[in-house]
Amino acid sequence: MHLLKFRPSKLAVISRNNRQEIIQAGLTRRDLIKMGLIAGSGFLVTKSGLSARAALSASSSPPTEPFVQPLLIPPVAQPVALTPAPGELRVAGEAPRAAHQFWSRFRPRRTYELDARELQHRFHPDLPASTAWGWGGTVPGRTIMARYGEPIIVRFRNRLPTVAAHRGFGRPELTTHLHNMHTATESDGFPTDFYPTGLFKDHHYVNAFAGFDTPEFAPLGDPREALGTLWYHDHRVDFTSQNVYRGLAGFYLVFDELDSGDEQDRNPRALRLPSGEFDVPLMIADRVFDEDGQLFFDLFNLDGILGDKFTVNGRIQPFFKVARRKYRFRILNAGPSRFYEFFLSNRLPFTIISSDGNLLPSPVTSRSVRVAVAERVDVIVDFSDTNIGDRIILENRLEQDDGRGPTGDILRAGRGNAVLRFDVDRDAPDPSRVPEVLRPLPAINVAEAAAVRVWEFERRRGAWAINDRFFDVNVVRASPRRNTAEIWILRNDSGGWSHPVHIHLEEFRILSIDGEPPPARLAGRKDVIEIGRANGSEVQLFMRFRDFVGRYPMHCHNTVHEDHAMMLRWDVVPP
């Protein structure tokens, strides 16, 4: 663990200034626990003149008027030439990494560069600008548009203030995870592969379907393994929650022959889902602001951060003008700790077409959409039968009072949290469609499983562990062999806490949830699974390990739990 020198004498009196000194010191809550300065309850202990309480978080944000600013659509990243040119091996000025796996086979066709910079971002006209961090000068970062069969390089460059010059929460050292592309470990953004200000790292995204290095599906892999809606975010060990909260996240959308991104595609195999301006990414994240209107992160909250302001693409409660036709909304829960269940105020149904970026075999119609932390759900909303002038609220009605997770209660209509307003203002042609068959699933055979592993997610000493151990980068907890399959059982043993668990590299299939088959909305390929609050709640997953070798993490994606320290390392090893 990264531990900085720290002088407790600075904390003789607990005040707002003292809190800021702790934040500026760059300490994690794990550091404070190890130093004996904070208990698992989130309160400072009486030690070295410290107050017995550190509940210094803003109890509520300043008021803001809803629906006064339009929804921001993140700009699209454009290809650029890179200097120095990317190569298979490390180059001068770059963060250390291994050679790119399969470089000669997947030479990049396009290259991109995204700089992480500090900027002043205004979440709402009623609030002053807050110091944020953004990729490519925006919050969220610029959207990367990719296609299967077209490998790319993305150069992520750290232009944040140095550690010495940094002020506020977060840590200006970066490692970027493309969640959850089928990607080699050296480009996956492993949590300890972070690098300081002034350096860059080239990530090689082969944009090939899983299974491309098996004889059955060579050379591009199994198209049934295609992904669509992904996101990239910082993954710096101990500081993921803070750095992502500060703005280091963006969308990565990838298309193929089936999900082509063209609703007028003449290819008979194309689905012709809503596209262009009618294909809208929605990054949803709750935030809290202090009494001065500045973005605030409570370092002493070990349970999970819940905000009282709901941002969509970096703006608090925006509005979005829509035409009377079908739209595709790519909903991402960017955390850090809140779960959502969305309803539309006029009771329009959602047509769910995708979970975690994977198209379902068939659409699922529902009055609500549940989204755990880090999950993505693509939905179609058809405004054809609305009236011009209608205003429709996207409302979160899932009750959640603290970082333990949702209570399970659904609030009555109008009693939830308004997140986004759709304003119907025009007609528009609609050549799009939603076919009854989307993307078939690959067959699975549980008899192929070479091992069964049980992982228990636990609360320990006021922090978070898996199988009674905190994250240690030097300890390999599992070593599945390349081109094998396994069954992983994830079990809650933490006493009433929900955990949205994310596994890198490969999508999994849910075999059962608490002994029952998964509902239709979860029956496809996924990379995040919510383990329910009840002790003993468990999910059984079928996983394959293909193409790449190297180290990957599994962790809770309540990023506060991840940072403290509900994560483990597992390695794919050669056969």
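Q: Which residues touch the most other members in the largest nonpolar core?
A: In this predicted model, W455, F457, L490, M554 and W570 do, out of the 34 residues in that core.

Q: And which strand gives the most to this core?
A: Strand β30, residues 538–545, with four residues.

Q: How many of the eight residues in β30 are buried?
A: Seven, so most of the strand is covered.

Q: What does β30 pair with?
A: Strand β25 (residues 484–493) runs antiparallel to β30 over eight bridges, and strand β27 (residues 508–513) is also antiparallel to β30, joined by five.

Q: Which residues of β30 are the bridge partners of L490 and I510?
A: V539 is the partner of L490, and L541 is the partner of I510.

Q: Back to L490, what is it in contact with, leaving aside neighbours within four places in sequence?
A: W455, F457, V501, I529, I531, S537, E538, V539, L541 and M554.

Q: Where does V501 find its bridge partner?
A: In β29, where I529 is the partner. Strand β26 (residues 499–503) and β29 are antiparallel, with four bridges joining them.

Q: What's the strand order in the open sheet of five strands?
A: The order is β24-β32-β31-β26-β29, and the pairing is mixed.

Q: Why is one side of β24 and of β29 left without a neighbour in that sheet?
A: β24 (476–478) and β29 (528–531) are at the edges and each has a single partner strand, so one side of each has no neighbour there.

Q: How many degrees are neighbouring strands turned against each other?
A: On average 35 degrees, direction ignored.

Technical notes:
Residues are numbered from 1 along each chain as its sequence is written. This is a predicted model: local features need pLDDT of at least 70, side-chain atom pairs count only at pLDDT 80 or more; totals for chains, interfaces and linings use all residues. Side-chain values use heavy atoms; hydrogens and water are left out. Two strands pair if DSSP finds at least two bridges between them. Helices (H or I, at least four residues) and strands (E, at least two) are DSSP runs, numbered from the N terminus. Axes are lines fitted to C-alpha atoms, for helices over the stretch in contact, and angles run from 0 to 180 degrees between N-to-C directions. A nonpolar core is a set of buried Ala, Val, Leu, Ile, Met, Phe, Trp, Tyr and Cys residues joined through side-chain atoms within 4.5 Å. Buried means under 20% relative accessible area, exposed over 50%, partly exposed in between (1.4 Å probe, protein chains only). Contact means heavy atoms within 4.5 Å.
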